[in-house]
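User: I'd like to learn how to read a fold from its coordinates. Could you walk me through it, feature by feature?

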Amino acid sequence: MSLTLLAAAAAAVAATVGYMAARREREEQVGQGGEEEQGPARSPDDALWDELPFALGDVVLAGTEERWLTGAIVARERGELVAALFLAPEGAAQAAVAAFPAPRREILWLAPVAIDSPYEPPATLEIAGMTLRRRARLPAALARLGQGAPPLGDAGIIALYEGGGYDAAVVLASDGRIHAWAGRRIEEGGYERLGGGGEG
């Protein structure tokens with residue numbers, strides 16, 4: 001056998017021994033409470049879903065109605081998550097479910113509506129006989145995720161409305177357009193999250 005082949009064989013054996021020693025050392029560290037092996041890297045959106053009661057891909061059930069969350073508009077104020085408007089196809093329209101970070105756990109179960117409004121969401125709204133008052137007006141950075149979100153700029157104003165009983169609405173003003181949804185507030189316990197969640 002030539003010296004070159006002997007040298008190559010010796011190098012291969014040394015590399016294998018080194019790999020096995022490193023692996024054994026790593027297993028001993030884990031067994032002694034060292035750092036566990038990491039799974040697949042989390043995407044930045046994974047942390048977002050941890051803050052909310054739902055994630056893209058979930059199915060939400062409220063009474064006899066269910067919605068598959070295929071898209072979302074995420075609103076942040078000064079970097080902090082303030083709301084997510086999940087979108088769910090219903091025929092040609094995009095219904096919505098508004099959710100908020102903990103400790104809030106109520107949701108808004110919404111359908112798209114047309115409103116006559118200037119760029120600034122008004123202090124009061126009249127929709128299908130409901131009179132709603134604006135409870136929050138939040139200048140926010142906006143992000144569109146998944147499928148079905150309407151055209152938006154990078155920033156806008158999200159306004160939350162409440163009426164008598166459980167009446168509720170959301171108005172989103174961005175990039176010279178107004179988008180609105182109206183429906184009802186559902187408290188925690190009045191809805192159920194189905195499916196494993198997660199985008200895709």
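Predicted model: local features only at pLDDT ≥ 70, side-chain atom pairs only at ≥ 80, totals over all residues.

User: Which residue in β4 does Glu77 stand opposite?

Analyst: Glu77 faces Glu80 in β4. The two strands make a hairpin with two residues between them, and Arg78 in that turn has a positive phi of about 55 degrees.

User: What does β4 do on its other pairing, with β5?

Analyst: β4 pairs with β5 (residues 93–99) in the antiparallel sense, over seven bridges. Pro89 is the residue standing opposite Gln94 in β5. Here too there is a hairpin with two residues between the strands, and Gly91 in the turn has a positive phi of about 65 degrees.

User: How many residues of β4 are buried?

Analyst: The general idea is to ask how much of each residue a probe can still reach, with under 20% relative accessible area counting as buried. Eight of the eleven residues of β4 are buried, so the strand is largely enclosed by the rest of the structure. For the protein chain, 36% of the 200 residues count as buried.

User: And empty space inside? How many cavities of 30 Å³ or more does the structure hold?

Analyst: General idea again: rolling a probe the size of a water molecule over the atoms shows where empty space is left. This structure holds one cavity of 30 Å³ or more, and the volume of the largest cavity is about 30 Å³.

User: Which residues line the largest cavity?

Analyst: The lining consists of Ala83, Ala84, Leu85, Ala98, Phe100, Ile158, Leu160 and Val170. β4 gives the largest share, three residues. β4 (80–90) and β9 each supply at least two residues of that lining.

User: Back to pairing. Which strands does β8 pair with?

Analyst: Take them one at a time. Strand β3 (residues 71–77) is joined to β8 (residues 130–146) by six bridges, running antiparallel, and Ile73 stands opposite Arg144 there. Strand β7 (residues 124–127) is antiparallel to β8 as well, with four bridges. With strand β9 (residues 155–162), β8 pairs in the antiparallel sense over eight bridges; Ala140 has Gly156 in β9 as its bridge partner.

User: What sits between β7 and β8?

Analyst: A hairpin turn with two residues between the strands, where Ala128 has a positive phi of about 50 degrees. Ile127 stands opposite Met130 in β8.

User: What is the strand order in the open sheet of three strands?

Analyst: The order is β2-β1-β12, with antiparallel pairing. β2 (65–68) and β12 (192–194) are at the edges, each with a single partner strand, so one side of each has no neighbour in the sheet. On average, neighbouring strands of this sheet are turned by 25 degrees against each other, direction ignored. Between β1 (residues 59–62) and β2 there are four bridges, and Val60 has Arg67 in β2 as its bridge partner.

User: Is Asp58 buried or exposed?

Analyst: Asp58 has 0% relative accessibility, so it counts as buried. Its place is in the loop between α2 (44–50) and β1. The side chains of Asp58 and Arg193 are joined by a polar contact of 2.5 Å.

User: Which residues is Leu108 in contact with, leaving aside its neighbours within four places in sequence?

Analyst: Its contacts are Ala96, Val97, Ala98, Phe100, Ala168, Val170, Arg184 and Arg185. C-alpha to C-alpha, Leu108 and Gly183 are 7.0 Å apart in space, though 75 residues apart in sequence. In the protein chain, 54% of the contacts with a separation of 6 or more come from residues 24 or more positions apart.

User: To finish, how many helices and strands does the protein chain have?

Analyst: Two helices and twelve strands. Along the sequence the pattern reads α-α-β-β-β-β-β-β-β-β-β-β-β-β.

Definitions and conventions. Residues numbered from 1 in each chain as written. Heavy atoms only, no water. Contact = heavy atoms within 4.5 Å. Pairing = 2+ DSSP bridges. Axes fitted to C-alpha atoms, helices over the stretch in contact; angles between N-to-C directions. Buried < 20%, exposed > 50% of the residue type's maximum accessible area, 1.4 Å probe, protein only. Polar contact = N/O pair within 3.5 Å; in protein donor to acceptor, adjacent residues only side chain to side chain. 1 Å grid on protein atoms, 1.4 Å probe; cavity = no way out; pocket = protein on both sides within 12 Å on 5 of 7 lines; lining within 4 Å. Points joined across faces, edges and corners; volume = space filled by probe spheres on them.
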